Amino acid sequence: MRAVRTTDIRKHFDTAGGPVEVLHGIDLAIDVGEFVAVIGPSGSGKSTLMNILRLLDVPSSGAYALFGEDTVALSEAERAALRNKALGFVFQSYNLLPRLSLADNIALPLE
């Protein structure tokens, strides 16, 4: 089963000097159970791609299907619901709230 499928994903950011394209036609296919590493130098678009794959951002153009569901036309609320149902995050830094116990930090997303 295909978990992730992107076709010609492009992302640009508007700057004072005009639009700057940071993703240039990314085609990606990841099957369920497959492990993938995204590597590259600083500024190569890794975080931008990951934000699109995590449904935290949308591409400027192209197609992205998550478990067969087209995500590009989803509203923010629909992306949030799909993110909640289908995705998990492992952060480089733990992002724990210091005022909460470890158990309370773990339980927080369930609320």
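Colleague: What makes up the secondary structure of the protein chain, and how are its helices and strands defined?

Modeller: In this predicted model, the protein chain has 3 helices and 4 strands, where helices (H or I, at least four residues) and strands (E, at least two) are DSSP runs numbered from the N terminus. Read along the sequence, the pattern is β-β-α-β-β-α-α. Residues are numbered from 1 along each chain as its sequence is written, and side-chain values use heavy atoms, with hydrogens and water left out. Because the model is predicted, local features need pLDDT of at least 70 and side-chain atom pairs count only at pLDDT 80 or more, whereas totals for chains, interfaces and linings use all residues.

Colleague: Why are strand 1 and strand 3 said to pair?

Modeller: Two strands pair if DSSP finds at least two bridges between them. Strand 1 (residues 2-15) and strand 3 (residues 61-66) have 5 bridges in the antiparallel sense, so they meet that definition. Within strand 3, Tyr-64 stands opposite Thr-6.

Colleague: Why is Thr-71 called buried?

Modeller: Buried means under 20% relative accessible area, exposed over 50%, and partly exposed in between (1.4 Å probe, protein chains only). Thr-71 has a relative accessible area of 3% and is therefore buried. This residue lies in the loop between strand 4 (69-70) and helix 2 (76-86). Leaving aside neighbours within four places in sequence, Thr-71 is in contact (heavy atoms within 4.5 Å) with Leu-55, Tyr-64, Leu-66, Arg-79 and Leu-82.

Colleague: How do you know that Leu-96 is partly exposed?

Modeller: Leu-96 has a relative accessibility of 46%, so it counts as partly exposed. Leu-96 is placed in the loop between helix 2 and helix 3 (102-107). Together with Tyr-94, Leu-102 and Ile-106, Leu-96 makes a nonpolar surface patch of about 500 Å².

Colleague: What share of the residues of the protein chain counts as buried?

Modeller: Of the 111 residues of the protein chain, 22% count as buried. Among contacts with a separation of 6 or more, 49% come from residues 24 or more positions apart.

Notes: Patches are made of residues with over 30% relative accessible area and no salt bridge: like charges are joined within 9 Å, nonpolar side chains (Val, Leu, Ile, Met, Phe, Trp, Tyr) within 5 Å. Accessible areas come from the Shrake-Rupley method with a 1.4 Å probe; for residues, only the protein chains shown count as cover. A salt bridge is a side-chain nitrogen of Lys or Arg within 4 Å of a carboxyl oxygen of Asp or Glu.
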